[in-house]
Amino acid sequence: MQLYDMPDARGHFGQFGGTFVAETLVEALEELRVMYEQYRHDPEFLAEYAYDLKHFVGRPSPIYHARRLSEKVGGAQIYLKREDLNHTGAHKINNTIGQALLAKRMGKPRVIAETGAGQHGVATATIAARLGLECVVYMGSEDVKRQAPNVFRMKLLGATVVPVESGSKTLKDALNEAMRDWVTNVHNTFYIIGTVAGPHPYPMMVRDFQAVIGIEAKEQMLEMAGRQPDVVVACVGGGSNAMGIFYPYIDVPNVRLVGVEAAGLGMETGKHAAPLTANSPVGVLHGNRTYLMQDEDGNIIETHSVSAGLDYPGVGPEHAWLKDIKRAEYVAITDDEAMAAFHNLCRTEGIIPALESSHALAYAEKLAKTLSKDQIVLVNLSGRGDKDINTVAKLANITL
Amino acid sequence: MSRIQKVFTALKQQGKTALIPYITAGDPHPKHTVNLMHTLVEHGADMIELGVPFSDPMADGPVIQRASERALLHKVGLTAVLNMVKTFRETNQSTPIILMGYANPIEAIGASVFADRAKTADVDGVITVDYPPEECGDFVHQLRSRDIDPVFLLSPTTDQKRVELIVNQASGFVYYVSLKGVTGAKNLDIVEVSERVASIRKQTNLPVGVGFGIRDAATAKATAKIADAVVVGSRMVQAIEASTEANLLSNVAALMDELKAAVEAANN
């Protein structure tokens, strides 16, 4: 039985979360909240969702014991939850299917999404194609340039990709623009948010759709190792893959939960994307209250990470809450450390991880060294690194 | 009685509608803002809505987004905006100033510190776009205890129950957003707006301002016939954007004259 019972009825996790939106969106969010409450326990809806996860995504994703990596690191046994093996290559699809099925039930023929690296955009375009929904994806014009293959993928899937020229021209600005579209087209449009941020009910709903990761992991760990892991490690940008694997473990005693943020060029340089690790002030952005990277005037500052998926100035409100109640710990890994872990997994296990997931791997290696051989660290390998080969090649001065 | 209430009461006695122009503080450059404010008043502004620049203006269209970006280039934040109001007040103690912006700059200093500083600068009202009434009980209390009016937006999707909730927290006036969408999106539908304003009036005695989508003399005139205040934002900012340093004040003055004439024509 789940003892942990968050958020409250209006989407608050303690002081975090909530519904900080312009009046024009309040009714749309209320409609979504009511519909989600209706369907989240509806057997027919859940069966449809489960069917797609199995037959379209290929779930359950396996857990893999990375024996050679564990041996090389020398310490605890490292296990990987293989979200990289999902259709479209990351955990993002778990959530987009859930929300798209909801959009269909709500009679909304058009879906919109924001995307940074393009993984959530691809996952949204994918399910929109499968369900016959019109799909528009907002993407910062800087990211459009950096992630050309994913832009082409979305177009192949029939989506319209709109480059966003405002602000820093990255993920946060794409989110602003998607919100503006939603305000304008709220009558026929469902906004599929890709992470556990945004106004209520999004942080809760995205968490619920991603919780399949942790639910499966709990069963699989029992089968494979006869027990639950000592530590669960996941990377945190907005934090959807981490919430997905953490949530079912919150009530399990003696399982440490560690979220790994992007330290970018180093915490001391200020060029990072780690609001929790940096003890950033609490503020309001994108519809919720959370820890936010900002200047003294309350303007959001630019973030840095080698991994576009972690390059976000805020963090999902439930992570802010888990940090404050000390149920989860948050640490940060630099670009260089993540790159080293990326190459390490490629060479020792034959798995090319996403740069986002490489942050979790890097911390897992550090931590495993301090633990004994009979202890277990479970890493959420949230995505595969095929999308990142251009970035990695560029860092090595190689032209593909 | 607050300065906002006084102005509305006086206008009502004369059968007039208020004209409220919006500019973003610091746009196109902080050195112009106070002069622009005085020009607005000289050319018929009954109150001024002064935008606080923010890095992520989610409810604004491209015109006001660009104004925010221009101001932020010169690091115009909430503190700088309050100083501009102070300077304006040195020579104008009668025109109400309403700050319009987003929650985070206020969160950064805290509701009570903000309310203190706004009071010291002699601000009259505050519109916080992303503070719906459910989330800002303390903030409203901090403002009202210092006689600053919390002004709330009502939208075409706000139902009667929410109108009730909002008017119970608001003071000064309520601001009806005349279309779905961001600021400056398109022209408003005057028949629909008229019905909504009539319906809002059944639920409150507060004056009702109308804005979003008032782009020319014709829409200003039509709106002035049904509202207590006409708010012009994106069109004003466009005039600023299209100006050079040399003709900035004269362009804004010309637009104000046109809008003021339209509003007065509606009142005759």
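Analyst: We begin with a cut-off: a residue is buried under 20% relative accessible area, exposed over 50%, and partly exposed in between. Please bear in mind that this is a predicted model.

User: Is B:Ala198 buried, exposed or partly exposed, and why?

Analyst: B:Ala198 counts as partly exposed because its relative accessibility is 41%. The residue belongs to helix α9 (residues 190-203) of chain B. Its C-alpha lies 9.6 Å from that of B:Val208, at a separation of 10 residues in sequence.

User: How does B:Lys260 read on that scale, buried or exposed?

Analyst: B:Lys260 has a relative accessible area of 16% and is therefore buried. It is part of helix α12 (residues 248-267) of chain B, and its side chain makes a polar contact of 3.2 Å with that of B:Asp46.

User: Where do the side chains of strand β6 of chain B point?

Analyst: In a regular strand, side chains alternate between the two faces of the sheet. In β6 (residues 174-177) of chain B, B:Val174 and B:Tyr176 point one way, while B:Tyr175 and B:Val177 point the other way; all are buried.

User: Which strands pair with β6(B)?

Analyst: Strand β5 (residues 149-154) of chain B pairs with β6(B) in the parallel sense over three bridges, with B:Phe152 opposite B:Val174. Strand β7 (residues 208-211) of chain B also runs parallel to β6(B), joined by four bridges; here B:Tyr175 stands opposite B:Gly209. Moreover, β5(B), helix α8 (residues 160-169) and β6(B) form a right-handed β-α-β unit.

User: Which residues are linked in a network of salt bridges?

Analyst: A:Glu37, A:Arg40, A:Arg207, A:Asp208 and A:Glu318 are linked in such a network. Within it, A:Glu318 and A:Arg207 form a salt bridge with closest N and O atoms 3.1 Å apart. A:Glu318 lies in helix α12 (residues 317-324) of chain A and A:Arg207 in helix α9 (residues 202-210) of chain A, so this pair ties together parts 111 residues apart in sequence.

Conventions. Residues are numbered from 1 along each chain as its sequence is written. Chains are lettered from A and ligands numbered from 1 in the order in which they are written. This is a predicted model: local features need pLDDT of at least 70, side-chain atom pairs count only at pLDDT 80 or more; totals for chains, interfaces and linings use all residues. Side-chain values use heavy atoms; hydrogens and water are left out. Buried means under 20% relative accessible area, exposed over 50%, partly exposed in between (1.4 Å probe, protein chains only). Helices (H or I, at least four residues) and strands (E, at least two) are DSSP runs, numbered from the N terminus. Two strands pair if DSSP finds at least two bridges between them. A crossover is right-handed if, with the strands pointing away from the viewer, the path from the first strand over the helix to the second runs clockwise. A polar contact is a pair of N or O atoms within 3.5 Å; within protein, one must be able to donate a hydrogen and the other to accept it, and residues adjacent in sequence count only if both atoms are side-chain atoms. A salt bridge is a side-chain nitrogen of Lys or Arg within 4 Å of a carboxyl oxygen of Asp or Glu.
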